[in-house]
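Subject: Model handover

Hello,

Please look through both when you have time.

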Amino acid sequence: MSNYHIKHLEEYFQVYRKSVRNPEAFWEEIAEEHFVWRKKWNNVLSWDFTKPEIKWFEGAKLNITENCIDRHLPTRGTKTAIIFEPNNPDEEAEHITYFQLHERVSRMANVLKDHGVNKGDRVCIYLPMIPELAIAVLACARIGAIHSVVFAGFSSNALSTRINDSDCKLVITSDGSYRGNKTIDLKGIVDKALEECPGVKNVLVAKRINTKIDMKAGRDKWLQPLLDEAYADCVAEIMDAEDPLFILYTSGSTGKPKGMVHTTGGYMVYTAYTFKNVFQYREDDVYWCTADIGWITGHSYIVYGPLANGATTLMFEGIPSYPDSGRFWEVIEKHKVNQFYTAPTAIRALAKENLSFVEKHDLSSLKVLGSVGEPINEEAWHWYNNNVGKKQSPIVDTWWQTETGGIMITPIPYVTPTTPTYATLPFIGIQPALMDEEGNEIKGNQVEGRLCIKFPWPAIARTIWGDHHRYRDTYFTAFKNNYFTGDGALRDAVGYYRITGRVDDVIIVSGHNLGTAPIEDAINEHPAVAESAIVGFPHDVKGNALYGYVILKETGETRDRDNLRKEINQQITEHIGPIAKLDKIQFVSGLPKTRSGKIMRRILRKIASNDISNLGDTSTLLNPEVVQEIIDNAL
Ligand code: PRX
């Protein structure tokens, strides 16, 4: 029997050792015993981080939806697969059984096929958190189409860039979305995006908010009538383990978003196995992850991981503050949620509210609390532990990335003793290493360095869509024979890991991964702007907020500064989305640069954080005089 479900610390260490001594044998056993394959693999793993090329379960055939749906039908057909909790608490929640999920995914898959979507084609999904989103994802997987979900908070510009980068031929969207007491015109955003996307032939539109929208003849169709007419069964396409399952875009240090490509077999095995252990999921539990399916957390731990385990997974359409700040706690009570997985930014925002919002709800169903997306500070950790978990539910601080596909460093609840702010120990099969700046591994404990992973795990992204060189350069060149995460970390005296944050030009704002370059590009397109630099600074709810230093052109100098600030943020909203707006904008006459012309962000970061006591040596700068001016006018 494989060690599918770890139950105590000794077992963790024993299984961990086994998983790193002979990874192939370990993962083969897990894959063989817990999944259905149409054909077994010829080879468990082949890899070469210098190319880089990584293949798991090569030669195996499967369809991930048979693992997430069909195989559960004999035993769990009437079990709820998805609970849909709408934005408005007065609207009834929906319970979708595995039987119903099978039918709805099949119908959607047949609609896609009827619209010419074939194996390997890319489909863009731009939907709010409604059941159609999960169903569309699974429908693509059913027929072997590659889904590219774009978070429905991204702007038309960001959407068109992503659609074109991966040549999507069809878009699935909705008339609009609810966000608290507001509505958002999603279809309008899609229409604008598609002016730049000649490759998109069809748009399928789910009805959600019932507003009047434009439907372009020959291109746009309402989804529901098509689903009603479609055949309720769809034969699953047989895929290779290494066939792409999806593309998901993430920010990078340079302008263009990176379309991370995840493949089928390894991703399935790893997300399912981590889900089972990191949340200690038991058969009748109700699991809720508050992420959006537009992010990797939603892909791996709302859709694929839970469903591959036959779990009940809750999808929440709304926001934590609507109709009031008790909404999360009300939903936990209402659906008797057992595992709750959210982001530090949400915890910090809710911790600012009156405690009565939490106290009036019965949270006794909770067994495990999770945190993801950014470091959780000590105060937020304790608030979560004391007031939500009542010191009874372990907190799993899970560190991972879009690129890793699944959770990498994490406690296992009821197994690993937790310490606030520590992601603790590597998950089974994960071999972390800390590196110094010269590229040497720092061994031993009580050390700090750049976090790398030495050995492949089944869910590692295989490439960047259309740009394998960038994949190699970004992740595999800084540290030879290692995957470089872009994060710094420390390892304490007992070997626990604590993530200290990004060491590159990516800034995590409210758990969202934002690259500085695309934001600067957006600002620089404003006609009054000559140049700009963005840095992060600590923010008590968002973790980090964005601080922009902007040099104006001569023509901009006479303009009203507050209006300019508004216009710059509007520009960012249009190019990327409101999540990338700047909290502070300082107009400067120059930016501190090295003699080779590189902006010294370290100095700007310190000024933005109001930490000017130790700016280091500025005399080697090309323009040291600008530093004092920036300090004098700092916001
Ligand atoms: O810096 C780390 C931070 O989020 C980055 C990955 O962002 P993304 O690809 O959007 O995926 C987020 C959800 C998995 C990481 O490089 N991060 C994620 N989880 C944690 C974290 N930082 C500290 N602690 C965490 N638990």
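Helices and strands here are DSSP runs (H or I over at least four residues for helices, E over at least two for strands), numbered from the N terminus. This is a predicted model: local features need pLDDT of at least 70, side-chain atom pairs count only at pLDDT 80 or more, and totals for chains, interfaces and linings use all residues. Residue numbers start from 1 along each chain as its sequence is written.

At least two shell residues each come from helix 11 (296-308), strand 20 (395-398), strand 24 (483-491) and strand 25 (497-502). There are 21 residues around the ligand, and those that come nearest are Pro375, Gln401, Thr402, Ile499 and Asn513; a residue is near if its C-beta atom, placed from the backbone, lies within 6 Å of the molecule. The shell divides into eight nonpolar, nine polar and four charged residues. Asp, Glu, Lys and Arg are the charged class; Ala, Val, Leu, Ile, Met, Phe, Trp, Tyr, Cys and Pro are nonpolar; the others, including Gly, are polar.

On the domains: the assignment gives domain 1 (2-489) and domain 2 (510-632), with bounds from an automatic or database source. Their centres, taken over C-alpha atoms, are 33 Å apart. In domain 1, 18 residues are in contact with 19 of domain 2 (C-beta atoms, placed from the backbone, within 7 Å). On the domain 1 side, helix 7 (156-165) and helix 13 (344-351) are the elements giving two or more residues. Helix 13 has the largest share, four residues. By class, this side has five nonpolar, 11 polar and two charged residues.

Regards

Key: Contact = placed C-beta atoms within 7 Å.
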